[in-house]
Amino acid sequence: MELSFKWSKELARYCVVGAITNILGYLMFVIFTSLGLSPVSTISILYPIQLILVFFLNKKWSFKHQGQLSIPAIRFFFSYIACYFFNVATLEFFNRFLGYSHLVVQAIGLPIFALFLFIAQKYWVFKSQKSPIVYIRPS
C-alpha cells in the first residue's frame, strides 16, 4: 500500500508542476504563434526554458530525488529530446499534412506528452536508489 500511496503522491505533485508549466507554456505558444512565429520555432524556443524549470521542480518536489545531479540531468535531457521530436512529428503530421489547427493539435498532445515524460522520470530519470540490505550475523 505504501508504494502505491507514494506513487500517487508523486503523480499528484508531477501533475501540479506539469499543469502550471504547461498552461504557461501553452499561453506562450498561443502568443508567439499569434505574433507570426511558426509552431515548430515556438516550441523550439519554449522547450529549453520549460526543460530547466521542470527538471528542478520535479527533482526537488515531485520525486524528492536526493541523488546526484548529473546523471538524472542527462537522462532528463534525453527524455525531453525524445518528447520534443515526438511533439514536432505530431505537429507536422496533424497540422501540415492533415490540416488540423496547430493550437488544437498541441492542446490534445500535451497530456500524451506529459504521460510519456512522467513514466520516463519515475522509472528512469529519478529512479530511486534502494540501499542494499546488509545482514549482520552474530559471531
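1. Buried here means under 20% relative accessible area, exposed over 50%, and partly exposed in between (1.4 Å probe, protein chains only). The model is predicted: local features need pLDDT of at least 70, side-chain atom pairs count only at pLDDT 80 or more, and totals for chains, interfaces and linings use all residues. Residues are numbered from 1 along each chain as its sequence is written, and side-chain values use heavy atoms, with hydrogens and water left out.

2. Helices are DSSP runs (H or I, at least four residues), numbered from the N terminus. The buried residues of α4 include V105, Q106, G109, L110, F113 and K122. Helix α4 covers residues 102-125 and bends by about 35° at G109, with P111 following within four residues. The bend is the angle between axes fitted to the seven residues ending at a residue and the seven starting there.

3. K122 has a relative accessible area of 14% and is therefore buried. Apart from neighbours within four places in sequence, K122 is in contact (heavy atoms within 4.5 Å) with W7, E10, F63 and K127.

4. There are two salt bridges in the structure, each defined as a side-chain nitrogen of Lys or Arg within 4 Å of a carboxyl oxygen of Asp or Glu. One joins K122 to E10, with the closest N and O atoms 2.4 Å apart. E10 lies in helix α1 (residues 2-34) and K122 in α4, so the pair ties together parts 112 residues apart in sequence. Both K122 and E10 are buried.

5. R96 and E92 also form a salt bridge, at 3.0 Å from N to O. Both residues lie in helix α3 (residues 70-97), four residues apart, about one turn of the helix. R96 counts as exposed because its relative accessibility is 59%, whereas E92, at 21%, counts as partly exposed.

Note on methods:
Helices (H or I, at least four residues) and strands (E, at least two) are DSSP runs, numbered from the N terminus.
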